[in-house]
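Please look over the structure shown below. A set of questions and answers about it then follows.

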Amino acid sequence: MDIEKKKWEVLCSEEKLEQIAKEVGAKLSEDYKDKNLLVISILKGALFFTAELTKNIKPVTKIDFMMTSSYGDGEINTGSVKIIKDIDYDLDEYDVLVVDDILDTGITMEFLIDHLKKKNPKTIKTCVMFNKQERRKAEITADYIGMEIEDKFLVGYGLDFKDRYRNIPYVFCVLDEDR
């Protein structure tokens with residue numbers, strides 16, 4: 001796909017993304033007010049959402065990062081997940097919140113939850129900026145969802161195409177008749 005030659009439309013403006021982070025952050029603040037919260041951001045896609053979201057979580061929070069690979073250079077999940085960077089903390093003292101950009105097939109999130117459970121956290125919950133239910137292959141549902149979306153290819157605000165366009169401050173969807 002040559003993304004520059006495709007038609008696209010804005011799905012979420014900067015303002016809408018900030019509003020989503022404030023709303024989800026307020027809910028997390030309430031739910032984690034008496035907890036020892038560790039937010040685990042899944043790189044690279046969730047970087048922008050995690051930054052905006054954690055600014056809106058009131059309890060003092062630790063943040064760590066994991067990096068996985070399951071898409072390669074394409075737009076289709078390969079079904080095989082590998083950890084590129086694991087967390088740096090022991091989890092037995094923490095209530096863990098895994099933050100990702102999009103819950104699509106669910107394969108990566110299911111893999112991450114299974115991996116993190118072995119590290120004995122007090123609790124594990126998930127938070128995603130976008131939930132794309134149509135392509136779900138794993139039996140998993142996010143605990144906190146910023147926005148439900150249809151099956152569209154999203155770019156911007158951390159979401160990429162061939163590791164580019166992450167720095168676009170809004171999210172657009174590529175209109176591709178072949179998808």
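**Strands, helices and cysteines**

Strand 8 (residues 153-155) and strand 9 pair in the antiparallel sense over three bridges. This is a predicted model, in which local features need pLDDT of at least 70 and side-chain atom pairs count only at pLDDT 80 or more, while totals for chains, interfaces and linings use all residues. Residues are numbered from 1 along each chain as its sequence is written, and side-chain values use heavy atoms, with hydrogens and water left out.

Q: In strand 9, which residue is the bridge partner of Val155?
A: Helices (H or I, at least four residues) and strands (E, at least two) are DSSP runs, numbered from the N terminus. Two strands pair if DSSP finds at least two bridges between them, and strand 8 and strand 9 have three. The bridge partner of Val155 in strand 9 is Phe172.

Q: Which residue of strand 9 is the bridge partner of Glu9?
A: Strand 1 (residues 7-12) pairs with strand 9 in the antiparallel sense, over five bridges. Within strand 9, Glu9 has as its bridge partner Cys173.

Q: How many of the five residues of strand 9 are buried?
A: Buried means under 20% relative accessible area, exposed over 50%, and partly exposed in between (1.4 Å probe, protein chains only). Cys173 counts as buried because its relative accessibility is 0%. Strand 9 (residues 171-175) is mostly covered, and the number of its five residues that are buried is four.

Q: How many disulfides does the count give?
A: A disulfide is a pair of cysteine sulfur atoms within 2.5 Å. The sulfur of Cys127 is 14 Å from the closest cysteine sulfur, in Cys12, so the two are too far apart for a bond. Cys173 is in no disulfide either, as the nearest cysteine sulfur, that of Cys12, is 9.7 Å away. By this rule the count of disulfides is zero.

Q: In strand 5, which residue is the bridge partner of Val39?
A: Strand 2 (residues 37-43) pairs with strand 5 (residues 95-103) in the parallel sense, over five bridges. In strand 5, the bridge partner of Val39 is Leu97.

Q: Is His115 buried or exposed?
A: His115 is found in helix 3. Leaving aside neighbours within four places in sequence, His115 is in contact with Met66, Ile83 and Asp86. With a relative accessible area of 18%, His115 is buried.

Q: At what angle do the axes of helix 1 and helix 2 cross?
A: Contacts between the two helices include Ala21 and Leu28 of helix 1 and Phe49 of helix 2. The axes of helix 1 and helix 2 (residues 47-54) come within 8 Å and cross at roughly 55°.

Notes. Axes fitted to C-alpha atoms, helices over the stretch in contact; angles between N-to-C directions. Contact = heavy atoms within 4.5 Å.
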